[in-house]
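Biologist: Could you walk me through this model before I start on my own notes? I would like to begin with the terms and then go residue by residue.

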Amino acid sequence: MTLAAFVAIYLVHLAAAISPGPAVLLAARTGLREGFARGSWLAVGIGLGACAWAVAALFGLAVLFRVAPALLTVLKFAGAAYLIYLAYKMWRHAPEPLDDRLPEETSARGPLGLVWQGIATQLANPKPAVFFGTIFLTFVPPHAPAWAYGVILAIIFLNDAGWNVIIARIFSLERTRRGYLALKTTIDRIFGGLLALLGLKLALT
């Protein structure tokens, strides 16, 4: 593979990672409510989830979705249900005052729990498998060496995890937090509403 192909994959995927979606929304909210460190663990999971879809595309899952679109439909509805469930929790707890101490349910979730939540959020949307399949067909030659796939997976992880670490950092800043505290109920319900809309969009498109 050429350097130009790797650069193209990096830029195309970076644009996809930056675009607003459930993962970015959750990274922002986690950084805002739980701090930068916990948001960073979530971002690691988001990066790993993206790599999981990339590996699935390498093994032909994107082709399988085209051959058996019912499978994609089932996965889309399952993912949409998970996103809408997260949205419901955000909306329901929006009026509750923010305590410096994390709620018992949240504090019990350690780094591995946050990583898993990031992975689950990424896996809730099967469309990246099709996206990665398109990237591989466009930029990766049929007989690319194994090391090239390792480099591509590293690019995907760094793009997704790195961008969401930045998002978690921005939303963990004290100035951002003060603004959030002033409008907590409204902001939480906006987050919840956007996540629900993303879930519905996933189910209907």
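Modeller: Let me start with burial: a residue is buried under 20% relative accessible area, exposed over 50% and partly exposed in between, using a 1.4 Å probe and protein chains only. By that rule, 42% of the 205 residues of the chain count as buried. This is a predicted model, in which local features need pLDDT of at least 70 and side-chain atom pairs count only at pLDDT 80 or more, while totals for chains, interfaces and linings use all residues. Residues are numbered from 1 along each chain as its sequence is written, and side-chain values use heavy atoms, with hydrogens and water left out.

Biologist: How many helices and strands does the chain have?

Modeller: The chain has 11 helices and 0 strands, where helices (H or I, at least four residues) and strands (E, at least two) are DSSP runs numbered from the N terminus.

Biologist: And what share of the contacts is between residues 24 or more positions apart?

Modeller: Taking contact as heavy atoms within 4.5 Å, such residues account for 89% of the contacts in the chain with a separation of 6 or more.

Biologist: Which residues form an aromatic pair?

Modeller: The structure holds 1 aromatic pair. Phe-6 and Trp-147 form that pair, which is tilted, with 5.9 Å centre to centre and 40 degrees between the planes. For the cut-offs, rings of Phe, Tyr and Trp (its six-membered ring) pair if their centres lie within 6.5 Å, and planes under 30 degrees apart count as stacked, over 60 as edge-to-face and the rest as tilted.

Biologist: Where do Phe-6 and Trp-147 lie?

Modeller: Phe-6 lies in helix α1 (residues 3-18) and Trp-147 in helix α9 (residues 146-172), so the pair ties together parts that are 141 residues apart in sequence. Phe-6 counts as buried because its relative accessibility is 11%.

Biologist: What does Ile-152 contact, leaving aside its neighbours within four places in sequence?

Modeller: With those neighbours set aside, Ile-152 is in contact with Met-1, Phe-6, Ile-9, Phe-136 and Val-140. Ile-152 lies in helix α9 and, at 1% relative accessibility, counts as buried. Its C-alpha is 7.7 Å from that of Ile-9, although Ile-152 and Ile-9 are 143 residues apart in sequence.

Biologist: Is Val-12 buried, exposed or partly exposed?

Modeller: Val-12, whose place is in helix α1, counts as partly exposed because its relative accessibility is 33%. Leaving aside neighbours within four places in sequence, Val-12 is in contact with Phe-131, Ile-135 and Phe-139.

Biologist: Changing topic, which side chain does Gln-122 join in a polar contact?

Modeller: The side chains of Gln-122 and Asp-160 are joined by a polar contact of 3.4 Å. A polar contact is a pair of N or O atoms within 3.5 Å; within protein, one must be able to donate a hydrogen and the other to accept it, and residues adjacent in sequence count only if both atoms are side-chain atoms. Gln-122 sits in helix α7 (residues 111-123) and counts as buried at 12% relative accessibility. Not counting residues up to four places away in sequence, Gln-122 touches Ala-23, Ile-46, Gly-49, Ala-50, Trp-53 and Asp-160.

Biologist: What lies over the face of Phe-36?

Modeller: Arg-169 does, at 5.5 Å from the ring centre. A charge sits over a ring if NZ of Lys or CZ of Arg is within 6 Å of the ring centre and within 35 degrees of the ring normal.

Biologist: What about Arg-29, is it buried or exposed?

Modeller: Arg-29 is found in helix α2 and counts as buried, because its relative accessibility is 15%. Among residues beyond four places away in sequence, Arg-29 touches Glu-34, Met-90, Asp-188 and Phe-191.

Biologist: And Leu-204, buried or exposed?

Modeller: Leu-204 lies in helix α11 and counts as exposed, at 71% relative accessibility. Leu-204 and Ala-80 are 124 residues apart in sequence and 9.3 Å apart in space, C-alpha to C-alpha.
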